[in-house]
Amino acid sequence: MSAKPLASRLSSSLVNATRFTSPAIGAECFKSATYVLPRKAPGAVIAQQRFFSTGSLALESTKIPDFSAYRKLSGDFTNRTFTYFMVGTTGVLTAASAKITVQDFLANMAASADVLALAKVEVDMNAIPEGKNLVIKWRGKPVFIRHRTADEIQEANNVDVTSLRHPESDSDRVKRPEWLVMMGICTHLGCVPIGEAGDFGGWYCPCHGSHYDISGRIRQGPAPLNLEIPEYDFNDPKLVIG
């Protein structure tokens, strides 16, 4: 291919060109060419350099690679099984990590050994004779423990519940008839009542004159409620409060 026919196909603005013969294509090509393009302003030009090939084989040399060998076959489940395995394993590890984190958090939030020791109090029931009271301290508050006699139990059961300010039967306040366990705090203003006193043979609060019977129920005075029953249980011969 001669330079003249090749140059004649280019624009008249071509001012410089470098030619070479490609062994692979077998044709003469322009390695580079410089154009001068006019600007709108008079006398202004722009030099632009482009790289291109004029061989017909060069235009056909670009081919799209064939990736069909790398495509998944419709019946191949190997990758799918591996994916399911990885997803399942990740889920199990995540759940295990979350469980350990929650357990550590709850362990740190749990009460210490000294606090748990104060949460429960054990009392030897053999140390409380019948007809006597025992006052202990639990969580910083007094607790009354009464070993009641048969007459006291009968007296508590003979009371008309409907006549009480805070209606409660004696059986609702005790787990064993002979043992009465209740908080030693007056329900009026938080005073500590006196045992074996008052007009009803139970407890009497001298601060404002509240009278409680042998079941710890308010019978007279300004207190609105019966003496509170704490959580307790029997573990013979121990009485466990808390």
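**Cores, hairpins and a buried loop residue**

The largest nonpolar core in this predicted model has 15 residues, and V123, I136, V143, I145, V181, L239 and I241 are those with the most contacts inside it. A nonpolar core here is a set of buried Ala, Val, Leu, Ile, Met, Phe, Trp, Tyr and Cys residues joined through side-chain atoms within 4.5 Å. Buried means under 20% relative accessible area, exposed means over 50%, and partly exposed lies in between (1.4 Å probe, protein chains only). At least two residues of this core come from each of β4 (121–124), β5 (133–138), β6, β7 (179–183), β12 and β13 (238–241). It is β7 that gives the most, with 3 residues. Strands (E, at least two residues) and helices (H or I, at least four) are DSSP runs, numbered from the N terminus. In soluble globular proteins, nonpolar side chains tend to be buried together.

Take V181 as an example: leaving aside neighbours within four places in sequence, V181 is in contact (heavy atoms within 4.5 Å) with V143, F144, I145, I229, P230, Y232, L239 and I241. There is also a second, separate core of 12 residues, with M182, C186, C205 and I218 among them.

Helix α5 (residues 150–157) has its own buried residues, namely E152, I153 and A156. These sit on the same side of α5 because they cover an arc of only 100° around the axis, taking the directions from the helix axis to the C-beta atoms. They pack against β6 (141–147), while the exposed A150 and D151 are on the face turned away from the buried side.

Strands pair if DSSP finds at least two bridges between them. Antiparallel β8 (residues 194–197) and β9 are joined by 3 bridges, and β9 is joined to antiparallel β10 (residues 210–213) by 4. W203 of β9 is the bridge partner of G195 and stands opposite Y212 in β10. Glycines with positive phi turn up in both hairpins: G198 near 95° between β8 and β9, and G209 near 80° between β9 and β10.

Finally, N226 lies in the loop between β11 (218–220) and β12 (232–235). N226 counts as buried because its relative accessibility is 4%. Its side chain reaches the backbone oxygen of H166 at 3.0 Å. Beyond neighbours within four places in sequence, the contacts of N226 include E168, R173, T187 and G216.

Residues are numbered from 1 along each chain as its sequence is written, and side-chain values use heavy atoms, without hydrogens or water. In this predicted model, local features need pLDDT of at least 70 and side-chain atom pairs count only at pLDDT 80 or more, while totals for chains, interfaces and linings use all residues.

Terms used:
Polar contact = N/O pair within 3.5 Å; in protein donor to acceptor, adjacent residues only side chain to side chain.
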